Amino acid sequence: MAWHKRNTLTDKFVAGSPALVAVPAEPRGPSGLPQHGVAASAVMAEVLGHVRRFAPAETVIFEGATGTGKSCLAEVLHEASGRRGAFIDVSAGEFDPGLALDQLFGHVRGAFTGAMAKHRGLFAEAEGGTLLIDEFHLLRRSQQAMLIRALERRVYRPIGYERDVPVTCTVVVGVEESLDRLVARGRMRANLRSRLGHCVVRVPTLDERRDEIASLAYHFLKQCPVVTHAADGPSRFAPDALGVLEVANYPANLRDLREVVRAGYLRARGRDEVCVEHLAEWVRVPLRYDRRMDRATKRRLAEWALRTSGGHVGRAAERIGVHRNTVSALAAEHRRRAEASKQNVEHRRRTGA
């Protein structure tokens, strides 16, 4: 089992995860940003507000696509709660179907053949702290049933033990889509969903926080000497390389961006800066408009040009080599799609569709 026990959000943890900490687009220091949180954008400031408000709750749900940083945010919640126990991070995909009960709740010595010693389960490991069960939607329905009593009555019973043991940890559940949608699709038991409460934090995709990509890229670059064990790499990005990173698409969100930066750092060892040729080919988007681009790339390019031109349509159009009307049309389309996506998420959350 590869779950992790962490008591504080250390530099080691941040370096090993798709962190949410944002630093300025140039390596000048945190400029007063919250210690662990990304508040470089309004959307993430709102997310962190929800995290802090829900810190005292017994059960909290994080909804977000893969690689958006649910684990990091769960640890921020743990620290905000002031709980003295450990932070335990486990993926539901790691549970063995035949041993899940033991892994969650533990057993006493002699509980079954081969039980030569007492085993503390995850709930005991997280006593007085926080237990994150990420990718919860991967749990089989039979495994989900094991958690109903623990979440509703806040007690569990280790295998072979004669008495109930109180649940003293916050339980954080990480899923890739809304709980109601999981129920509708048969991937979550309805009687379990009703026990999970309503403290829900939606974690945005990287596409929804593109104005933070430069900051995050520098954050990951700053970590590279430690995580790659190579100190001879660059400390900055060439302007066009940073532009490419800001326009590229990232299916796995922060995780993709982090790995692209690390690989670019290694390819650029001995150089002063990471250039476009050091980036993975799949992210090398031209920074000039091309009719052959797919529509999504055109929208991202126009949005980047506007953002880096201070919202001036004429300068944005000149930057990417296209008529200003095209920039305006693409930007308007980008806003409409973003708003429609937001409304769709809210609708699915309300209706369980």
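**Nonpolar cores and salt bridges in a predicted model**

Leaving aside neighbours within four places in sequence, Val261 is in contact with Ala217, Phe220, Leu221, Cys224, Phe237 and Leu245.

**Nonpolar cores**

- The largest nonpolar core has 44 residues, and within this core Phe237, Leu245, Leu257 and Val261 are the ones that touch the most other members.
- Two or more residues of this core come from each of the elements α9 (213-228), α10 (239-247), α11 (254-267), α12 (295-308), α13 (313-320) and α14 (324-351).
- Among these elements, α9 gives the most to the core, contributing 8 residues.
- Another core, of 32 residues, lies apart from the largest one, and its members include Phe105, Ile133, Tyr156 and Val173.

**Salt bridges between separate parts of the chain**

- Arg154 and Glu58 form a salt bridge in which the closest N and O atoms are 3.8 Å apart.
- Because Arg154 lies in the loop between α6 (141-152) and β7 (155-156), while Glu58 lies in the loop between α2 (42-54) and β2 (59-63), this pair ties together parts that are 96 residues apart in sequence.
- The two partners fall into separate accessibility classes, since Arg154 counts as buried at 12% relative accessibility, whereas Glu58, at 45%, counts as partly exposed.
- A salt bridge also joins the side chains of Glu333 and Arg295, with an N to O distance of 2.9 Å.
- Glu333 belongs to helix α14 and Arg295 to helix α12, so this pair ties together parts that are 38 residues apart in sequence.
- With 15% relative accessibility Glu333 counts as buried, while Arg295, with 41%, counts as partly exposed.

- Glu303 pairs with Arg307 in a salt bridge whose closest N and O atoms are 2.7 Å apart.
- Both Glu303 and Arg307 lie in helix α12, where they are 4 residues apart, or about one turn of the helix.
- Glu303 is buried because its relative accessible area of 18% is under the 20% cut-off, whereas Arg307, with a relative accessible area of 25%, is partly exposed.
- A network of salt bridges links Glu177, Arg181, Arg185 and Arg187.

Methods: Residues are numbered from 1 along each chain as its sequence is written. This is a predicted model: local features need pLDDT of at least 70, side-chain atom pairs count only at pLDDT 80 or more; totals for chains, interfaces and linings use all residues. Side-chain values use heavy atoms; hydrogens and water are left out. A nonpolar core is a set of buried Ala, Val, Leu, Ile, Met, Phe, Trp, Tyr and Cys residues joined through side-chain atoms within 4.5 Å. Buried means under 20% relative accessible area, exposed over 50%, partly exposed in between (1.4 Å probe, protein chains only). Contact means heavy atoms within 4.5 Å. A salt bridge is a side-chain nitrogen of Lys or Arg within 4 Å of a carboxyl oxygen of Asp or Glu.
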